[in-house]
Amino acid sequence: MAYCDCAPGDGDPGLVGRKISNISDEEGDWSGHNPHSLAESTRCSSDSELSMGNYPSVVHTPRSTCAEEGYVPAPGIRYTKSEPLVEMDGNLFPSFWRSSEVQILQNEWAAREGDVFVVSQFPIWGLGRLLVALVEGGSDPWRDGLLEPIHFLDCMASMGARTFMDEAAKRQGRRFFKSYSIPSAFPCKYPFEENAKGQGPSPKIVVLVADPRHVITTIWTFFTKSKCHFFDGSLTDFIRWVASGKFRIFGEFFQHAVSWAREAAEHPEYIQLFDAGRLGSLDPKEVRAELENIADFLDIPRERAAELVAATFRRPTGAAEALAKDTCSLPSVVEGDHLLEQTGRNLNCFENSLNNAAAEVHELWHTALKVWVTSSSSQLVQLARVSMKGMSSTPPLMLTISMKGMRAHEAGACRPCVFALRGICKNTAEMCLYCHADGHSKTKRASQKMRQVRKAKQDEERIRTPSPSPRNVQLQPLSTRPFFLDLPPWCLASAMQG
């Protein structure tokens, strides 16, 4: 069988390499496609190119040839480019993926002291900036050029393993690498060798997990709204794709985290799971707490984590220009939105989209969550159980909107910190949940008498009517007269006849 990653235009689902013996003329008609959403050629490869476990090489074939050879669109999936995914051995991979190059890294490239590998099944652009600054000693997550191509391990390895190893060897100090791979495809000598565990910090793997609703919405946002845009469909369609088990990028969606949870249980000294959902909170204190946990695991001072969180919530002038240069930047963040992927907003967005789905999708979704519920990882079990609660587990909409920042302040949508207006706030402007910017009018505090009246009214509303004491209840003596003597005569006659 041959594989294809050609992508039709609007109105037609994309091809992910599934082949059938018969194809109708309508399915094979490519004449009506939008030329702006299609590349001039597609990539296919034949069975003869599969050798020694390598994935098929990429050759250019006209779209008409792909249709004639019997490729069928996968239902519910629609791409806008000819690049994105190819189906190989039942899983989906980026079209740049080369298993032969990854195998070279698995056999030849050993991690050195201080290396940090961040693994997740979802993209981390804003969070990636924060973690790169934490690992490599930076103090500004907004810096121009902070994210470099070498940080993206899977992509760089596929472009050339030995070239990547040469470039990585030139880097001084601790190194950060991001990977989407499952343990069996991890592009490095793994488990780590003993010679990598010297006097300095040992190499570590940070596995980011989160509420699957947050993960799915993050992936969909990246697929549809970033510069790497290639998925054309609603979030409801995307949820249906994942819930049906057909989302298998680098492996099955839910099994990806389960496989790394097993590795963390076996090698807790250099693999741990952390909650990316907490890092996506709008509360700086919650973000700092989770980032400090990561810093402790990586032998990094907690003070640096606290400084980076404060810098993350302090958007500098000129940040838009620096962010716009990133390959996978999101327009909303460039225009002034919060840098980190927001958990609360994603949870509400997911639940609203799920409500628009058919009952079958709801059933598939809850069935899919059982993979985590029945896993041996208590962290995955907890995340799945919270997800099963649905809308009741999402934060109020008011708490999913940033209550501070220049964008909210200029739009009049921020909420001023009343303690900062009086000069008694215990938090800095960066670590406070509310707005400390200038321009807010000082609120007049109620008089002491009014506060006492308000407190008395609140206390009165909390008071419940006490139940009667058992000592005050008058118990009536039981009557010794048989009850049936008080019945009317006709009832007695009926009872006797019965």
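Author: Let's start with L330. At 16% relative accessibility, L330 counts as buried, where buried means under 20% relative accessible area, exposed over 50% and partly exposed in between, with a 1.4 Å probe and protein chains only. One caution: this is a predicted model, where local features need pLDDT of at least 70, side-chain atom pairs count only at pLDDT 80 or more, and totals for chains, interfaces and linings use all residues. Residues are numbered from 1 along each chain as its sequence is written, and side-chain values use heavy atoms, with hydrogens and water left out.

Reader: Where does L330 lie?

Author: L330 is in the loop between α12 (319-324) and α13 (331-334). Helices here are DSSP runs of H or I with at least four residues, strands are runs of E with at least two, and both are numbered from the N terminus.

Reader: And what is L330 in contact with?

Author: W125, T221, K225 and S226, leaving aside neighbours within four places in sequence. Contact means heavy atoms within 4.5 Å. The C-alpha atoms of L330 and T224 are separated by 9.8 Å, though the two are 106 residues apart along the chain.

Reader: Switching to T218. Buried or exposed?

Author: T218 is buried, at 6% relative accessibility. It lies in helix α6.

Reader: What does the T218 side chain make a polar contact with?

Author: The side chain of N346, at 3.2 Å. A polar contact is a pair of N or O atoms within 3.5 Å; within protein, one must be able to donate a hydrogen and the other to accept it, and residues adjacent in sequence count only if both atoms are side-chain atoms. T218 also touches F122, P123 and E341, not counting residues up to four places away in sequence.

Reader: How do α6 and α15 cross?

Author: The axes of α6 (residues 212-225) and α15 (residues 359-373) come within 12 Å and cross at roughly 110°. The two helices are therefore roughly perpendicular to each other. That label covers 65 to 115 degrees; under 35 is roughly parallel, over 145 roughly antiparallel, and the rest oblique. Axes are lines fitted to C-alpha atoms, for helices over the stretch in contact, with angles from 0 to 180 degrees between N-to-C directions.

Reader: Which residues make that contact?

Author: P212, R213 and I216 of α6 meet W365, L369 and W372 of α15.

Reader: What about α7, how many of its residues are buried?

Author: Seven of the nine residues in α7 (residues 235-243) are buried, so the helix is mostly covered. Among them are F238, I239 and W241.

Reader: What is the mean pLDDT of the chain?

Author: The mean is 77, and 73% of residues reach 70 or more. pLDDT is the predictor's confidence in each residue, from 0 to 100. Over residues 1-83, pLDDT stays under 50.
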